[in-house]
Amino acid sequence: MQSDIDHSDDNGAKQATESSQLATAFSAPNRLARRSFLRKLGVGAALLAPGAALLGNASKAFAANGGQKLTRGDVAILQLLAAAELIEADLWQQYNELGGVDAPTTGYTAGLQILDGDQVQYISDNTDDENSHAAFLNAYLKSKGEQQVDLSRFKNLAPSQVSFVPQTGRLTNLKQLTVDTSWWTRYRSPTNPDFGATFPNAVPSLNTGQHTAIPRNNAELDDPNNPSDHVKAIAFTAGFHFGFIEQGGTSLYATLAQKVTSLEVLRILLSIGGSEIMHFQTWQDKAGNATPLTDFDPINNSTVTFDDLTTGQPETLQANLIMPEPCEFISPNLPACAIIRPSGPGQLDARGGVQTPRCGLMPERGVFAKTSVEKEQLQRRNCGKVPPLAPMRMISGNKIAPNQ
Ligand SMILES: [Fe+2]
Ligand SMILES: [Fe+2]
């Protein structure tokens with residue numbers, strides 16, 4: 001996404017280097033920290049909407065909007081969320097191409113509809129929502145004279161080879177997922193990760209090996225009237241990955257909302273965050289409808305087993321227990337409370353980025369830790385330098401807490 005802020009009258013700024021952009025943009029005491037922040041983004045200013053004049057015109061755009069200048073912390077949070085939303089949008093776009101309302105009827109869509117008859121509609125609507133989140137956050141940043149986030153240069157991963165899928169580069173790879181399904185048991189447990197609780201996986205085999213959540217070729221589209229267990233397994237993997245994606249957004253917004261200064265930015269985070277919660281709740285009501293099966297995938301050399309979660313299960317697995325179980329919150333001396341979790345420090349915020357051992361993001365905590373963005377782009381850059389994920393760690397990496 002390129003900035004479309006008009007800078008035609010700012011020829012001097014067009015010649016500026018990244019250093020001078022930053023020097024112009026930020027006051028001296030903040031300069032080092034901001035440059036460090038940009039390095040943590042992986043590619044510095046190149047990741048953000050280009051154009052030195054954008055900074056020169058910041059005050060102009062700001063004045064035109066009539067708004068109030070945002071704090072550095074609020075801008076950083078909004079940019080982080082814009083990056084997260086661009087990644088979400090990339091994930092959902094791929095699901096939409098193969099499983100949305102405009103996708104051909106296939107064994108894959110039939111498998112998705114085992115989870116819910118309206119599943120393809122929900123996929124398309126979730127995709128629309130993520131695109132709107134990313135577009136809104138970037139437009140809001142622009143309206144405040146701040147830099148937008150652009151991840152388009154990282155769209156270089158191969159899509160599905162299914163014939164009707166556009167062969168354009170993607171940010172994420174849905175063909176080699178290791179899906180953490182502990183969110184399922186977390187929300188059915190009376191304990192809270194903010195107090196150190198950990199949770200078993202609902203589908204342990206998805207949390208090991210690699211699994212595709214989309215058909216990789218035409219053969220995996222299969223018969224819509226009689227989908228094979230293999231294609232159903234792909235659809236059910238998607239069903240649990242949907243919940244994984246959205247539980248991450250649910251906690252991310254709840255965590256970062258506590259760090260913003262502006263009431264308007266708080267309104268944005270609470271309102272978009274609420275949308276993420278709606279997504280999560282939808283998907284966690286569907287994944288448990290997976291029918292029991294075991295499938296071996298020769299391409300990824302992995303086996304997945306889905307058990308019947310609808311009957312005969314303990315409460316930590318029971319499919320219809322979709323409302324959040326009350327749990328510890330704030331203090332163990334207070335009554336249990338039904339809440340979004342985690343939302344405390346050290347998990348999805350700066351400290352979490354530092355403390356997590358696996359390239360900065362623990363599998364059960366990292367919002368996007370199981371996407372191929374981590375697996376592939378990270379491998380290219382020696383663990384810990386994943387450009388699209390770097391915003392998740394930007395606050396921690398340079399020791400800047402929001403609004404400090
Ligand atoms: Fe979103
Ligand atoms: Fe979302």
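Let's start with Asp222, which is buried, with 22 other C-beta atoms within 10 Å. Keep in mind, everyone, that this is a predicted model. Why does Asp222 count as buried? Because the cut-off is 20 or more other C-beta atoms within 10 Å, and Asp222 has 22. The backbone deserves a look too: phi of Asp222 is near 65°, a positive value in a residue other than glycine. You'll find Asp222 in the loop between α9 and α10.

Now for Ile330, where phi is also near 65°, again positive without being a glycine. Buried or exposed, then? Ile330 counts as exposed, because there are 12 C-beta neighbours inside 10 Å and the limit for exposed is 12 or fewer. Ile330 lies in the loop between β2 and α12.

Pro342 is also placed in the loop between β2 and α12, with α12 covering 350-355. The peptide bond leading from Arg341 into Pro342 is cis, its omega near 0°.

Let's step back to the whole chain. The protein has 14 helices and two strands, and 50% of its 404 residues count as buried. Of the contacts between residues at least 6 apart in sequence, 74% join residues at least 24 apart.

And finally, the core. The largest nonpolar core holds 72 residues, and Leu78, Leu81, Leu86 and Ile234 are among those with the most contacts inside it. Elements giving two or more residues to this core include α6 (72-99), α8 (119-143), α10 (229-256) and β2 (302-306). Which element gives the most? That's α6, with 16 residues. Thanks, everyone!

Note on methods
Residues are numbered from 1 along each chain as its sequence is written. Chains are lettered from A and ligands numbered from 1 in the order in which they are written. This is a predicted model: local features need pLDDT of at least 70, side-chain atom pairs count only at pLDDT 80 or more; totals for chains, interfaces and linings use all residues. Helices (H or I, at least four residues) and strands (E, at least two) are DSSP runs, numbered from the N terminus. Two residues are in contact if their C-beta atoms, placed from the backbone, lie within 7 Å. A nonpolar core is a set of buried Ala, Val, Leu, Ile, Met, Phe, Trp, Tyr and Cys residues joined through C-beta atoms within 7 Å.
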